[in-house]
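Welcome! Please take a moment to look over the sequence and the 3D view before reading on.

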Amino acid sequence: MLNRPGNFLSESEEGAGLRGDYDLDKNPGVRLAGLFVLILIPLLVVCGKLASLQAFQAEDFIAGFESRVTESFKPIETTDGRILIDGRELARDVATYELKVHYRWLEEPADGLWLRQRARERLSSDERSDRELIDAAQQEVLAERHRMWTRLAAAIGISDEEFARKRADNQQRIERIVALVERSRDQRADEAAETEHQKRQEQLDKETLWGSAWERLRTELTTPPKRRRREPITVREEFEYHVIAEDLPYEKVAAVVTRPSLYPGVDFDMRTERDYPEGSLAAHIVGTRQPVDDEDVKSRAISSAADGAGDFGNSDLQAGDRTGRTGVERSYDRYLRGQRGLERIVSNSAGEIILREIVRQPQPGADIDLALIEPLQRHAEALLDKATNSLPLKWVAEGTTESRQQLARAREAAAETASRPTGGCIVAINIHSGQILCAAAAPRFDLRLLVDHNAELWQALQLDKRSPLFPRVTSMAIAPGSVFKTLTAIAGLESGSLDPEASVFCRGYLKTPERHRCYIYRHYGVGHNDVSLVDALCKSCNVYFYTVGAEMKAGPLVDWSERLGFGRRTGIDLPFESGGHLPRPKAVETITLANFEQAAMDESPDTSPKPDAAPPEPWYEGDTLGLAIGQSRLSVTPLQIARLMAAVATGGDMPSPRVVRAVTPHSAEGGPASTILVPSQKEHVPLSARTLKYVRAGLEEVVASRGGTGHRTVFTKEVSIAGKTGTAETGSGRDHGWFAGYVPAEDPQVAFVAVLEHGGSGGQVAGPLAKGLVEEMLRLGLIIPVTAGNADSPDSL
């Protein structure tokens with residue numbers, strides 16, 4: 001063969017002829033040409049296809065890329081329920097709306113890629129290859145964008161210049177984000193390069209000469225060159241919508257978002273704020289709603305599972321949501337809190353929304369109707385404001401003249417604390433249903449201060465030593481004083497240790513003039529002389545009830561106190577209720593019932609400690625005497641005293657107080673569903689007719705008799721009132737003043753209590769509050785006086 005090694009000159013002719021017959025390589029060019037043709041044909045096919053794709057199908061592929069969509073789900077905000085009093089809103093959610101515009105529709109100049117994409121969308125596949133048509137479509141997009149700016153500025157009520165400033169603010173903010181990200185990227189890249197360089201240098205230092213040379217060669221051949229220019233960064237915010245206008249009414253937002261052809265690239269969001277339009281009216285009853293954090297969410301989920309509430313009202317709770325913290329806002333939070341809806345959103349490759357679909361409708365919160373009577377509540381609050389000289393701080397803008405004036409008045413009121421009551425409370429309750437007709441407390445506060453903070457007024461509120469934020473209706477537990485003698489009389493009569501007809505001589509003190517004295521002896525140096533039970537209640541004779549307590553001992557007194565609800569919570573539908581404190585001796589005497597009507601029907605009393613009862617305490621004779629007149633270590637709440645008066649008025653029924661009358665849920669469509677009435681509950685403590693006769697007579701005499709402690713300040717000709725004054729010694733400062741009772745005396749309908757902390761004599765300071773309350777109830781028709789024609793003849797004593 002020709003490529004065989006050897007000298008062709010030495011070959012024989014025969015050999016040469018033989019090679020010519022069988023030589024295949026005598027023309028290699030043909031073979032190479034054929035090989036080239038075989039390789040060229042597939043390459044031509046590939047190149048042809050590439051040319052076809054670029055020339056005829058490129059726009060189809062680009063359109064497919066641009067038509068990519070992403071699907072996401074977004075919660076739909078809803079509103080929490082309202083709290084109403086006689087149809088007037090005390091708490092509500094105010095929905096405000098904000099308009100958002102996609103960043104690509106805001107930035108100036110427009111992003112080139114986005115602009116080309118929007119232009120291609122307006123052209124057919126054939127037109128997209130025409131450069132002039134693409135340029136014209138881009139100009140059309142820009143013109144449409146400017147027209148949208150003008151329309152949107154007019155729709156939200158701002159000038160074109162103001163709208164341009166808002167656009168520029170958004171763009172500058174996004175550009176700052178981009179700059180920060182790029183700076184961070186460059187810094188990380190430089191640090192990584194420097195670290196890599198140091199590692200290589202350290203490795204080269206350890207290598208031999210030949211190893212170092214080889215490593216350098218390998219590095220140069222395998223390491224890509226540094227890029228002199230880094231690719232620009234695109235941040236997430238460039239594909240999102242940004243707020244252009246806030247606090248817009250629904251009408252303006254609806255006019256924009258319902259016309260997407262005129263306002264492309266525009267979206268909206270709804271947010272709500274809790275509003276308390278009546279400010280301080282029933283503030284402690286209404287309560288507040290505040291945002292929760294992650295820890296609150298976890299704890300509420302645990303408590304919901306523990307009390308059997310399941311997921312109702314808590315499954316949708318997220319950090320930042322508002323939940324009830326105090327008052328009705330807290331106790332009825334599961335009804336008030338609305339449930340979010342869910343929306344399916346489809347977006348294009350630029351992040352613009354192209355389709356929205358509601359998956360689940362939002363569920364508004366239920367409305368809560370309070371049992372309070374608005375004019376009666378306002379009147380009771382006005383009575384307390386005047387008695388305590390404590391007008392509530394009202395929300396105003398910080399730094400204004402009115403704000404400074406309120407601060408000055410607050411300082412003046414604080415300076416007069418020594419001569420004024422530190423606080424007070426008025427409660428009226430329907431003795432049959434348990435619905436609370438009014439529950440006023442002083443001092444009080446404007447609920448708006450907890451929503452829209454005024455730092456000056458908020459600080460003054462917190463520094464007020466009278467504690468305006470303290471819920472006195474449910475949590476104020478103080479000594480009741482002589483109001484508690486009503487219970488002592490019941491315990492003595494029911495236990496058989498008290499003869500209501502027997503007289504006790506009162507010389508003004510029990511044994512010595514320095515201790516265990518009557519109020520009139522402390523102030524006037526005289527006693528009540530001979531008094532029976534009715535007289536003792538009428539004149540509030542301490543000596544009489546000291547004597548009853550000493551003869552009865554502590555056992556019956558403590559037992560009947562427990563039976564009638566002292567030392568435990570009343571069960572009102574408000575949070576943070578105090579149960580007061582009922583002291584218990586270590587050994588409770590056995591109680592016997594004898595010589596009473598229905599005695600055979602009464603069960604033996606349960607002398608075991610109740611769940612809320614205080615543990616047994618060291619006990620002395622003076623503790624029994626003090627407890628008999630509502631002193632010692634006893635503390636009670638206004639609600640407990642109101643229930644005591646309800647028990648006397650009804651013959652033993654003690655309703656559980658209720659501030660809420662009804663709950664009205666809303667359907668997902670927004671309309672009200674069936675109203676749910678809050679059921680009334682009550683306890684019944686059997687009281688003999690004989691006990692009721694004497695106790696009721698004594699309470700009526702307190703007001704009706706000229707010698708009664710409440711006659712001068714409480715008596716009114718329009719209606720008969722039964723009640724009891726109370727002046728509780730405090731050990732420091734002035735006495736607590738009480739008046740509690742029920743009305744009308746002949747046919748009771750409402751039980752009530754008025755109390756002033758450190759106010760002084762109950763008859764003098766609390767009596768006028770009680771009279772003012774009863775007169776307002778008469779004016780409103782909430783109580784009907786018993787006339788001579790329909791009055792039952794009173795039982796004779």
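Here is a short tour of some strands and helices in this predicted model.

## An open sheet

Let us begin with an open sheet made of 5 strands. Reading across the sheet, the order is β12-β11-β21-β20-β19, and the pairing is antiparallel. The edges are formed by β12 (436-442) and β19 (722-728), each of which pairs on one side only. From one strand to the next, the twist averages 5°.

Strands β19 and β20 (residues 736-743) run antiparallel and are joined by 7 bridges. Within this pair, Thr 727 stands opposite Gly 737 in β20.

## Helices on the sheet

Helix α25 (residues 762-780) lies across β11, β12, β19, β20 and β21. Relative to β20, α25 runs at about 35°.

Strand β10 (residues 367-370) runs antiparallel to β16, and 4 bridges join the two. Here Asp 367 has Thr 664 in β16 as its bridge partner. Strand β17 (residues 676-677) is also antiparallel to β16, joined to it by 2 bridges. In this pairing, Ala 662 has Leu 677 of β17 as its bridge partner.

Definitions and conventions. Residues are numbered from 1 along each chain as its sequence is written. This is a predicted model: local features need pLDDT of at least 70, side-chain atom pairs count only at pLDDT 80 or more; totals for chains, interfaces and linings use all residues. Side-chain values use heavy atoms; hydrogens and water are left out. Two strands pair if DSSP finds at least two bridges between them. Axes are lines fitted to C-alpha atoms, for helices over the stretch in contact, and angles run from 0 to 180 degrees between N-to-C directions. Contact means heavy atoms within 4.5 Å.
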